[in-house]
Amino acid sequence: LHNWRYFSTEAEFLLALCREQKRPMAVMIADIDHFKRVNDRLGHIAGDGVLLTTAAAIREVAPPGSVVCRFGGEEFLVFCVVRDEAELRAAADRFRIAVSDATPVTASVGGVCAPLIASVRTHAASTDDVVATMLDRADHCVYQAKTQGRDRAVVEPMDPVLWRRPTAEPDATWRADALQHTVLELFTRELGPNNQAAERN
């Protein structure tokens with residue numbers, strides 16, 4: 001999987017993609033439940049195996065065009081474009097079910113989606129601020145899922161986000177090439193087990 005550094009460098013392009021498609025942007029965080037118990041009881045090699053299998057399971061069901069990355073020790077971040085809250089909820093449930101079906105652990109998933117309004121106004125949020133706000137809300141949803149019993153998904157819509165678009169955006173050709181690469185990358189898992197390795201931060 002990509003790591004957080006990759007996501008942060010591509011965030012501006014991802015927001016521009018949502019604006020082009022005129023659909024809400026979505027951020028989901030999947031956090032493995034009780035992961036410390038795996039390491040404590042079975043050892044870190046077993047823990048690494050759980051991380052690898054979880055990464056593969058999430059990639060398997062991620063919507064086409066998603067960006068999936070390793071977000072923390074046992075957290076995974078998914079950024080995608082959705083039609084509405086119902087599609088976000090369905091995607092979050094697919095992640096949760098895929099992890100429990102493929103591994104001996106469960107995952108709590110939190111997600112948010114918001115329409116994006118591009119603006120040149122100075123008071124509009126920067127790319128970093130938009131990402132930070134959505135991550136904070138998604139993380140809160142994960143916390144709710146944990147307190148409600150784990151192995152569940154909690155999602156919520158957000159108010160439209162006023163985004164201060166960059167003065168110079170990537171040209172359309174570059175965007176198309178980048179999106180195609182992202183979509184194709186989702187299917188490289190079929191080429192062999194080495195493509196399922198989760199890159200550490």
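This is a predicted model: local features need pLDDT of at least 70, side-chain atom pairs count only at pLDDT 80 or more; totals for chains, interfaces and linings use all residues.
Side chains of opposite charge can pair when their charged atoms come close. Two of the bridges described here lie within helices. In helix α2 (residues 35-42), D40 and K36 are four residues apart and are therefore separated by about one helical turn. The closest N and O atoms of D40 and K36 are 2.7 Å apart, and both residues are exposed.

A corresponding description applies to helix α4, which spans residues 85-102. There, E85 forms a salt bridge with R89, with the closest N and O atoms 3.1 Å apart. Because E85 and R89 are four residues apart in helix α4, about one helical turn separates them. E85 counts as partly exposed, at 29% relative accessibility, and R89 also counts as partly exposed, at 36%.

A further salt bridge joins the side chains of R137 and E156, at 2.8 Å from N to O. R137 belongs to helix α5 (residues 127-147) and E156 to strand β7 (residues 153-157), so this pair ties together parts that are 19 residues apart in sequence. R137 is partly exposed, with a relative accessible area of 29%.

A86 and P157 are 71 residues apart in sequence, and their C-alpha atoms are 9.8 Å apart in space.

Definitions and conventions: Residues are numbered from 1 along each chain as its sequence is written. Side-chain values use heavy atoms; hydrogens and water are left out. A salt bridge is a side-chain nitrogen of Lys or Arg within 4 Å of a carboxyl oxygen of Asp or Glu. Buried means under 20% relative accessible area, exposed over 50%, partly exposed in between (1.4 Å probe, protein chains only).
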